[in-house]
Amino acid sequence: MTTTAPPSNLLHGTFARELPELAVPWQAEKAPEPRLVALNDTLAGELGLDPEYLRSPAGLRFLLGNEVPEGATPVAQAYAGHQFGSYVPRLGDGRALLLGELTDSHGNLRDLHLKGSGPTPFARGGDGLAGIGPMLREFLISEALHALGVPTTRSLSVVATGKAVMRERPLPGAVLARVADSHLRVGTFAYARSTGDEDLLRRLADHAITRHHPQARDAENPYLALFEAVLAAQAELVAKWMLIGFVHGVMNTDNTTISGQSIDYGPCAFMEAFDPGTVFSSIDALGRYAYGRQPQIAQWNLARFAETLLPLVSADQEQAVESATAALNTFPEVYSAAWTRGMRAKLGLESFTPDDDATALIRDLTTLLGARGVDYTSFFRHLTTAAGGDARPVRALFDGAGGDEAPLPALSGGAGGDEVPGPASLDGARGDEVPAPASLDGAGGEAASSTERPAFEPWLQRWLSYRPDASVMAQVNPIYIPRNHLVEEALAAAGTADLGPFDELLDVITQPFTERPGLERFTEPAPAEAAPFVTYCGT
């Protein structure tokens, strides 16, 4: 077994070196009895890390941050954020550490980051620890999204610490090692802007351009181009969430990345019965981050990002606001294009299908799904079967399907947050004002009224007349997703040191498009008698 330590130059300190004002050098808390719970061998190989070494005692100490390569400088990153609409000027890595950056097999720089590694100066009174369940949840969900083609942070390992974590009850403690293109967030820019140090803000923006959006460097206005690139990345990301029925659950600006990757999987879950008002998070009582609100919230978060960049966009405040607003107002079109492109693939519509016809099919389908409450993932997979010649399974979903759609909740801050404005102006974190763009409607279609019960058969025949391509559909409509009840089942077993259900579920969801015999239960929604599913942030 390989037990030698990783080379001293393994971890770069690019962020800590270039932006020391946003980095606090810190050390991870020692773990008394480390035990490997999960390791992503494939990802380790991509990062140039030997899985055998990572399984050794020295490797576990590395994954816990207790033994880092010579020259590495672990840091806690500073950032601010709007949490449920309310600005918090100082958040930061309260229980996390950036160990440094690695160069992967493709020559790309990737962050190696710990979660649950102990309190930092940003802990705000918290213990800085994490339970094994929330860390395994992030491992499962992030790897599932990756397999589904959604940009996301990745999970390298979960290591049990041997120390209990006190929550409602004692939980086994664990540390997650995750990998990301970076951990730059909208909240990182908000923090830099709040210091009043324009040089820091500019260096941060230049760092983001170099790291993620190098094409912006040669634009006439590089910082406006940076904003436009992040807008496009976020529009594409949220469209991908919507297309698979994913509900992030806590779309605060500190969870909105500059790279366009999904990050932080505390209260997330997958929608089963289609309903734009779907909310799982226990702390989102007013539905601010409901499934159908996610595009609107992304645009709201981008408005906050635009406000941080105003001094860089133009020395003329009025001109800066005008330019940023014009760019921000492109979001509905950019998002809609991504959503429609994805839905065309899910419906197997060829490129020669007229846009107006495709739009009408998509609009009418979302009305149908909302009115009948059918399982979202099952519907599209059975529709794929219908494109191949057998429409019986998809018809069966509508036989007796009922459940009038609940109205969308009011879009308000919740948890003490301010209401999210509609087309009125949005106040910036520093008093600047970027007018809000037009609102976005739900998931690409409006909700059906509770009295409407549109029939499925006419829509089905209309769709079939376009000769949908089943082979295209099979590549984008998953058979397996992390069904919420199965995730909870796996995490409950893992809490008693039984990793069998976790390992089996991980194997299934990381091959979401490949049907395998004996896995039928992984395709089924929660039993009808199950209690409503609720998620918690895990902090």
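The following legends describe close-up views of a predicted model.

**Figure 1. Overview of the predicted protein chain.** Residues are numbered from 1 along each chain as its sequence is written, and side-chain values use heavy atoms, with hydrogens and water left out. Local features in this predicted model need pLDDT of at least 70 and side-chain atom pairs count only at pLDDT 80 or more, while totals for chains, interfaces and linings use all residues. The protein chain contains 18 helices and 13 strands; helices (H or I, at least four residues) and strands (E, at least two) are DSSP runs, numbered from the N terminus. Of its 539 residues, 57% are buried, where buried means under 20% relative accessible area with a 1.4 Å probe, protein chains only.

**Figure 2. The largest nonpolar core.** A nonpolar core is a set of buried Ala, Val, Leu, Ile, Met, Phe, Trp, Tyr and Cys residues joined through side-chain atoms within 4.5 Å. The largest one has 103 residues, and Phe189, Phe379, Leu383, Trp459 and Trp463 have the most contacts inside it. Helix 8 (residues 222-244) supplies the largest share of this core, 15 residues. A second, separate core of 28 residues includes Leu136, Val158, Ala490 and Phe522.

**Figure 3. Surroundings of Phe379.** Leaving aside residues up to four places away in sequence, Phe379 touches Leu365, Leu369, Val374, Val394, Leu397, Phe398, Phe456 and Trp459. Contact means heavy atoms within 4.5 Å.

**Figure 4. The buried face of helix 15.** Phe456, Trp459, Leu460 and Trp463 are buried in helix 15 (residues 456-464). Seen down the helix axis, the buried residues of helix 15 fall within an arc of 100 degrees, so they line one face of the helix; the arc is that of the directions from the helix axis to the C-beta atoms. These buried residues pack against helix 12 (355-372), helix 13 (376-387), helix 14 (392-398) and helix 16 (470-476).

**Figure 5. The contact of helix 17 with helix 18.** The axes of helix 17 (residues 484-494) and helix 18 (residues 500-509) come within 7 Å and cross at roughly 145 degrees. Axes are lines fitted to C-alpha atoms over the stretch in contact, and angles run from 0 to 180 degrees between N-to-C directions. Leu486, Val487, Ala490 and Ala493 of helix 17 meet Pro501, Phe502 and Leu505 of helix 18.

**Figure 6. Confidence along the chain.** The protein chain averages a pLDDT (the predictor's confidence in each residue, from 0 to 100) of 90. The pLDDT is below 50 over residues 402-431, a stretch with 87 contacts in the model beyond near neighbours in sequence.

How values were computed. Buried < 20%, exposed > 50% of the residue type's maximum accessible area, 1.4 Å probe, protein only.
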